[in-house]
Amino acid sequence: MTTTTADGPLTGIERWGIPYPLRWGFVGVLIFMIGDGVETSFLSAYLADPAGGGLDGAQASFATVTLYGVAALVASWFSGTLSAIWGPRRVMWLGAAIWIVLEALFLFVAIPAQDATLIITTYAVRGLAYPLFAFAFLVWIQTIARPRMRGSAAGWFWFAFTGGLPTLGAALAAIAVGPLGISEYGTLVISLVLVAVGAAIGCFAVTEPQGLRPIADASMPNPTSLRRLTEGVDILWRDRRTIAGFFVRLVNTAPQYGFFAMFPFVFGPETPGGGFLTTAQVALLATVAYAANIGANLFFGVFGDSFGWRRTVTVFGCLGCAVAVPLWYFGAIASQSFVVTAILGAVYGILLAGFVPLSALMPSMVELKDKGAALAVLNTGAGGAALLGPLTVTALFPVFGGGGVVIAYCVMYLLVAALSLVIRSDIDPGVARRREAAGQA
């Protein structure tokens with residue numbers, strides 16, 4: 001049985017939204033991100049342990065949060081622009097090489113020597129790696145996916161990405177360090193092996209030819225020149241829809257990062273006077289929210305291909321999260337119940353997936369020569385979210401408390417809901433269907 005679209009029949013796994021030539025790439029990204037996510041729950045504490053990295057708490061936080069976050073933000077931009085110049089497959093090779101080489105130095109040289117400078121440097125520079133590997137594959141997906149399945153394909157990408165980081169990665173770490181009794185150092189070695197396996201699959205099992213070609217239009221002067229790295233920036237004022245898309249993506253997951261920095265101080269035992277959740281229950285909230293989000297990524301990817309990419313982002317992503325954020329926080333405070341808090345967290349995780357079609361919408365707005373730059377803008381917003389979320393907590397929590405932070409997040413979602421109205425594409429399935437309906441009328 002085949003499913004027919006305006007651009008030809010879909011067969012096999014393509015009916016589910018996975019471009020057949022890239023099928024192994026999704027597997028590679030999942031395994032790579034599982035390895036990358038292993039460290040999320042314990043690395044800072046391990047680096048601050050005298051038996052581990054031997055850093056003080058400030059140094060460990062500086063390496064794992066600040067410098068790593070800045071490196072990931074920079075690489076998020078270059079994942080798109082370098083893909084436009086070299087082709088996404090080569091950028092994936094670069095990301096994989098950086099991760100494996102820097103992690104080997106980190107594990108086998110820096111940590112045994114307890115050399116603070118080398119630990120901080122190798123780990124921070126390794127922050128360049130996962131955006132280059134994973135987001136270059138997202139560029140590859142949007143380059144070859146059929147127009148009416150780009151939302152579904154994006155849903156599968158985010159399913160693989162968030163399924164690995166942090167969901168299965170953190171779960172693997174919990175099992176390894178807990179029931180299996182493997183040391184933190186041994187668990188980090190396991191993460192290196194997983195990343196190497198995922199990188200090998202993603203870099204070598206996918207041979208689709210477009211991956212080695214520049215996305216930039218071959219008719220342009222010097223389409224493969226590194227000078228095009230800076231030329232791509234001008235898309236921000238040539239097509240202001242991309243600025244709107246940047247801010248939408250920036251706000252998209254910012255509260256997600258901020259919540260889990262704040263929740264121990266508003267729900268957990270670190271709350272003044274004691275909270276209503278244990279440390280383990282606070283950690284479990286993240287698992288519940290992410291687990292709900294993973295399945296919803298697939299749903300909203302497919303749903304967006306029917307309902308319309310922009311409408312899905314506006315209605316379910318922006319407006320849905322504007323409701324879900326205060327509902328989660330104030331509902332938890334009012335109920336003082338872990339079950340209620342977990343359910344409301346799952347609601348937020350589900351609606352957060354309403355932003356998935358943005359990955360299809362952004363590159364579809366622009367010409368071929370600008371697709372890499374548009375995805376670079378989108379990916380930079382994704383990297384910036386990891387900084388904006390905790391920064392909002394740092395700035396507002398001491399003055400306004402958790403309620404003030406939540407209201408700020410709600411206002412952010414409402415503002416980007418208005419901005420999202422200008423992010424339009426002629427090949428958005430929602431636009432196409434409305435035009436067909438108007439023509440029939």
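A polar atom in the side chain of Thr122 sits 2.7 Å from the backbone oxygen of Leu118. That side chain also reaches the backbone oxygen of Ile119, at 3.2 Å. Thr122 belongs to helix α5, residues 116-126 (helices are DSSP runs of H or I, at least four residues, numbered from the N terminus).

Is Thr122 buried or exposed? Thr122 is buried, because its relative accessible area is 3% (buried means under 20%, using a 1.4 Å probe and protein chains only). Setting aside residues up to four places away in sequence, Thr122 touches Leu102, Leu105, Phe106 and Ala110 (a contact means heavy atoms within 4.5 Å).

## About the model

This is a predicted model, where local features need pLDDT of at least 70 and side-chain atom pairs count only at pLDDT 80 or more, while totals for chains, interfaces and linings use all residues. Residues are numbered from 1 along each chain as its sequence is written, and side-chain values use heavy atoms, with hydrogens and water left out.

## The nonpolar cores

The largest nonpolar core has 63 residues, and Leu47, Phe137, Phe157 and Phe161 have the most contacts inside it (a core is a set of buried Ala, Val, Leu, Ile, Met, Phe, Trp, Tyr and Cys residues joined through side-chain atoms within 4.5 Å). Helix α6 (residues 129-144) supplies the largest share of this core, eleven residues. Another core lies apart from it, with 56 residues, including Val139 and Leu378.

Take Phe157 as an example. Not counting residues up to four places away in sequence, Phe157 touches Phe26, Val29, Ala134, Phe135, Phe137, Leu138 and Ile141.

Now to helix α17 (residues 371-420), which holds Thr380. Thr380 is buried, since its relative accessible area is 15%. Which residues does Thr380 contact, leaving aside neighbours within four places in sequence? They are Leu73, Ser76, Trp77 and Phe246.

## One cavity

Searching the whole structure turns up one cavity of 30 Å³ or more (a set of points on a 1 Å grid over the protein atoms alone where a 1.4 Å probe fits but cannot get out; lining residues have an atom within 4 Å of a point). The largest cavity has a volume of about 60 Å³. Helices α12 (254-266), α13 (279-307) and α15 (338-352) each give two or more residues to its lining.

Among the lining residues are Gln256, Tyr290 and Leu352.

Definitions and conventions. Buried < 20%, exposed > 50% of the residue type's maximum accessible area, 1.4 Å probe, protein only. Polar contact = N/O pair within 3.5 Å; in protein donor to acceptor, adjacent residues only side chain to side chain. 1 Å grid on protein atoms, 1.4 Å probe; cavity = no way out; pocket = protein on both sides within 12 Å on 5 of 7 lines; lining within 4 Å. Points joined across faces, edges and corners; volume = space filled by probe spheres on them.
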